[in-house]
Amino acid sequence: MAASVMKITQLVRRLKQREFFSSSSRQKLLRGIEGFANLPNEQLRDVEVIANLIRGIGLRYDARGLYGEEARYMNATTDGLWQLPLQLANALVVLADQEIKTFLEVGTHSGFTGAVITAYLHRLQPGLQALTIDPFPSFRNYELVRQKLPLEYRRCTTSDLMGETFDCVLIDGDHSYEAVKRDYEIVGRTARVCLFHDIDDDLSGHDNVPRFWRELVSGGDFDQTYEFTQSPPGKRVMGIGVGVRHAA
Ligand SMILES: C[S@@+](CC[C@H](N)C(=O)[O-])C[C@H]1O[C@@H](n2cnc3c(N)ncnc32)[C@H](O)[C@@H]1O
């Protein structure tokens, strides 16, 4: 009897802790969205300012040591951006010059990265429409975020988006070679700007995204490409590849 009371007490404490941490990351996300909305014109392309906004929102908990010094901005839960702030900030600055009216994120997870990209693009383009997709539900803050941003969330895969086109796409869903290729064929090939996350993924132990990205670059699929691969010392993690097609 005493043992079950103890177990229940521990469970209640853990639930309260989880709610405390979730509510604090929710608050940071809302403050960050506000920060993007209020970015002055002269700071729109300032990588450090943008990276600091991302740090303030917080990174998803990950115990593999992939954040290096940035780990101090890691949240205690799976809520947060699964990104290195400098990589994402640099990629966003490239997007600033692309006139993006529609954006798709493949692989929502907690929804923090989708919300940040949407907040930034929305600051640049008030008519923006954004969509994030994931077959597995983890976007706990969706109801709150959709009140602040033009971001829709659907539980689906790119196979459900056949024929839909987007100015800009971030591919960060299923990381198998075949899935990345399929996502690219369905929504990436028709996008003017296509971003790939994990082009430098030496933590995963496979070469799927890096290989596919190298093939696109060497095959001349884009008019211009950028790679943002700033990693902690001695590591090559995550990495964002951005491919841009100039308007015909
Ligand atoms: C690495 S996480 C995405 C992280 C997120 N973009 C971020 O930056 O925080 C990968 C996500 O892809 C989702 N996923 C798996 N298969 C997928 C598919 N076929 N289409 C879209 N998302 C998929 C997983 O459920 C997971 O949430």
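Which residues in α6 meet which residues in α7? In this predicted model, Tyr177, Val180, Lys181 and Tyr184 form the α6 side of the contact. On the α7 side are Asn208, Val209, Arg211, Phe212, Glu215 and Leu216. By class, the residues of this contact comprise 6 nonpolar, 1 polar and 3 charged.

Two packed helices are described by the angle between their axes and the distance between the axes. Helix α6 spans residues 177-188 and helix α7 spans residues 208-218. The two pack at an angle of about 45 degrees. Their axes are 8 Å apart. α6 and α7 are therefore oblique to each other. The crossing of α6 past α7 is right-handed.

A second pair is formed by helix α2, residues 47-57, and helix α3, residues 85-95. Their axes come within 8 Å. The crossing angle is roughly 125 degrees. α2 and α3 are therefore oblique to each other. The crossing of this pair is right-handed. From α2, the contact draws on Val47, Glu48, Ile50, Ala51, Ile54 and Arg55. From α3, the contact draws on Pro85, Leu86, Leu88, Ala89, Asn90, Leu92 and Val93. The class count for α2 with α3 is 10 nonpolar, 1 polar and 2 charged residues.

Helix α3 also packs with helix α4, residues 112-124. The axes of α3 and α4 come within 10 Å and cross at roughly 35 degrees. This crossing is right-handed. Leu88, Leu92, Val93 and Leu95 represent α3 in the contact. Thr113, Val116, Ile117, Tyr120 and Leu121 represent α4. The contact of α3 with α4 has 8 nonpolar residues, 1 polar residue and no charged residues.

The ligand site was examined next. The ligand is surrounded by 17 residues. The closest are Gln83, Gly107, Thr113, Asp134 and Asp172.

Conventions. Residues are numbered from 1 along each chain as its sequence is written. This is a predicted model: local features need pLDDT of at least 70, side-chain atom pairs count only at pLDDT 80 or more; totals for chains, interfaces and linings use all residues. Side-chain values use heavy atoms; hydrogens and water are left out. Axes are lines fitted to C-alpha atoms, for helices over the stretch in contact, and angles run from 0 to 180 degrees between N-to-C directions. Helices (H or I, at least four residues) and strands (E, at least two) are DSSP runs, numbered from the N terminus. Angles under 35 degrees count as roughly parallel, over 145 as roughly antiparallel, 65 to 115 as roughly perpendicular and the rest as oblique. A crossing is left-handed if the near helix is turned anticlockwise from the far one by less than a right angle, and right-handed if clockwise. Contact means heavy atoms within 4.5 Å. Ala, Val, Leu, Ile, Met, Phe, Trp, Tyr, Cys and Pro count as nonpolar, Asp, Glu, Lys and Arg as charged, and the others, Gly among them, as polar. A residue is near a molecule or strand if one of its heavy atoms lies within 4 Å of it.
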